[in-house]
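Subject: Structure handover

Dear colleague,

I am passing on the structure below, with notes on what came out of it. Please keep it open while you read.

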Amino acid sequence: MKRVGVIDICSNYIRVILSEIEDSGYFRVIDELSEPVKLALDLIDNNLITEEKINITINTLRAFKSLCVTSGATKIIVVATEALRDADNGEYIIKKISSELNLDVKILTFKDEIYYDYMGVKNSIYTINSLLIDISGTCTHLAWIKNGQIIESTTLPIGSLNISYGFNLRDRIVHSDFENAKNSIMDCITSIPWLKKDNFDNIIGVGGAFRNVGKIDRIRKRYPLLITHNYELTNTDLCEILNLLKSKDLNQRIKVDGVSKDRGDIVIGTTLIMKVITYFLDITQLKICGRGMREGLIFDYIIKNLGQIDDIVDYSIRGVMESLNVNKEHAEHVYTILKTLYEQLRPLHHLGNEYDNVIKTAALLHDSGISIKYYNHHIHSFYVILNAYMNGLTHKELLLSACIAAFHRNNSYTVPLAQYSSIINRLDVDIVEKVGILLRISESLDRSLEGAVKYLDVKVTDEVVSINVYSSIPLELEIRDALRARCKFKEIYRRELEIQNIVV
């Protein structure tokens, strides 16, 4: 295991994330800080960053370096984007950072920024045909991602700062200024030949602007999960947020729940850019990616040093198992038994392969709650799965996985439908119960942790489900434990449950 820090000097903020990377390549963020320096404001009227901002930048970087070093980081990656790239005194600032702090700053090109955004998305969200958008201070990056590859990309000369300040959208909004800004954004978008309607399934938003809009939407909907990554909203949601914000002046706007006080002056510009793009392309679905350019840099480092990430969900599950010291052999054996039961009982539950990742997550992490406390660990597993650093799963899949995992003990467990009714419904509860009871049986069949079950044979009649368990040793304890679920099994599947052990 090693720790790596990534510091990003961009136009609005300087940010640092400190990550812990396991030997398997799985990483999780263990600390994060940001400072709203807004360097690009100095570049609106001229091309020089002031000495005041330079001193703020140096002092911020000194503190961020100290955080990384004190926390045990063996490598610190420092990158800078458009502010230092475009400033006439950018080279002077970079040399000053190097001489005073002994930090090497890499200036990223537009292509570099898009690539690292893409790395963050590719390794954390399943996507078939999406438009990636990252709105920074003075530019907006666009990339067409199809089947895991960048097909086209471009950078527009519009961003949160130059739109908000250039068109007087910082404080009270005047209709003519708003329309002028909208027309300017539309002119930029229509100049890109590959941006066409029906080209994309959805938009994947990367960066602080999208994360802030997602937070506003979650709060106004009283969304039950505090998860940014893979949060979904619609173009209608975006329009409602924009109308809410533009009706207020700056002082009123920063009081809106979810609006970052550091973004109150630029949130209209960023939200307007999002709205115009969705309107022009007639896209209804937006996804927020919580893994941006800094995470993309870490993914790039991991891939170069530890190898490719073949499957996003599997990578996350294995990483969580390793970091929480989950009994891997037991988890794998339970997963194998569960898959067998699931496949052989398809005629009863009528569920397809769309739940494969849910089943894998629930089975392999069903004991993850032991890392908190053994007693009632099925409930702790629910919490751990919902709050682990997981990639690839939608919020609904994550919640279903957590509920199924919580079902694995013979304690009574009720899915909290009322609390999560905005994500799951009664049909989803039925799915949780159908898979959860099979996980409960699978856990029981490896209760002594010996991995003795070799294979299963399931026979289904109108009255009975008979499971023949083939093993190398007698499994009397395991079968007695599994049969404690027979009443719940009958309630769910309308069949009696019989389990027989055949020693081979």
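Predicted model: local features only at pLDDT ≥ 70, side-chain atom pairs only at ≥ 80, totals over all residues.

Residues are numbered from 1 along each chain as its sequence is written, and side-chain values use heavy atoms, with hydrogens and water left out.

Domains

The chain is assigned domain 1 (2-108 + 294-306), domain 2 (125-290) and domain 3 (312-448); such bounds come from an automatic or database domain assignment. Taken over C-alpha atoms, the centres of domain 1 and domain 2 are separated by 24 Å. Where these two domains meet, 12 residues of domain 1 are in contact with 15 residues of domain 2, contact meaning heavy atoms within 4.5 Å.

About 1,000 Å² is buried between domain 1 and domain 2, with 47% of it on carbon and sulfur atoms. In domain 1, the residues that lose the most area to domain 2 are Asn-12, Tyr-13 and Lys-38, together 38% of what that side buries. Buried area here is the accessible area (1.4 Å probe) that two parts lose on being put together, summed over both.

There is 1 salt bridge between domain 1 and domain 2. A salt bridge is a side-chain nitrogen of Lys or Arg within 4 Å of a carboxyl oxygen of Asp or Glu. Lys-38 also forms a salt bridge with Asp-265, with the closest N and O atoms 2.8 Å apart. The side of domain 1 that touches domain 2 has 5 nonpolar, 2 polar and 5 charged residues. For the classes, Ala, Val, Leu, Ile, Met, Phe, Trp, Tyr, Cys and Pro count as nonpolar, Asp, Glu, Lys and Arg as charged, and the others, Gly among them, as polar.

Salt bridges

By the rule above, the count comes to 28 salt bridges. Asp-217, Arg-220, Lys-221, Asp-237 and Glu-240 are linked in a network of them. Within it, Asp-217 and Lys-221 meet through their side chains at 2.9 Å, N to O. Asp-217 is buried at 0% relative accessible area, whereas Lys-221 is partly exposed at 37%. For these words, buried means under 20% relative accessible area, exposed over 50%, and partly exposed in between (1.4 Å probe, protein chains only).

Arg-220 pairs with Asp-237, their closest N and O atoms being 3.2 Å apart. Helices (H or I, at least four residues) and strands (E, at least two) are DSSP runs, numbered from the N terminus. Arg-220 is partly exposed at 33%, and Asp-237 is buried at 10%.

Another salt bridge joins Glu-443 and Arg-409, with 3.6 Å between the closest N and O atoms. Glu-443 lies in helix 18 (residues 426-444) and Arg-409 in the loop between helix 17 (395-406) and helix 18, so the pair ties together parts that are 34 residues apart in sequence. Both residues, Glu-443 and Arg-409, are buried.

Single residues

His-330 is in helix 13 and is buried, with a relative accessible area of 4%. Not counting residues up to four places away in sequence, His-330 touches His-366, Asp-367, Glu-443, Asp-446 and Leu-449. Helix 13 (residues 328-344) also holds Thr-340, which is partly exposed at 23%.

Two residues other than glycine have a positive phi. Asn-102, with phi of about 55°, is in the loop between helix 3 (90-101) and strand 5 (105-107) and is exposed at 62%. Asp-282 has phi near 55°; the residue is in the loop between helix 10 (267-281) and strand 11 (285-289) and is exposed at 51%.

Regards
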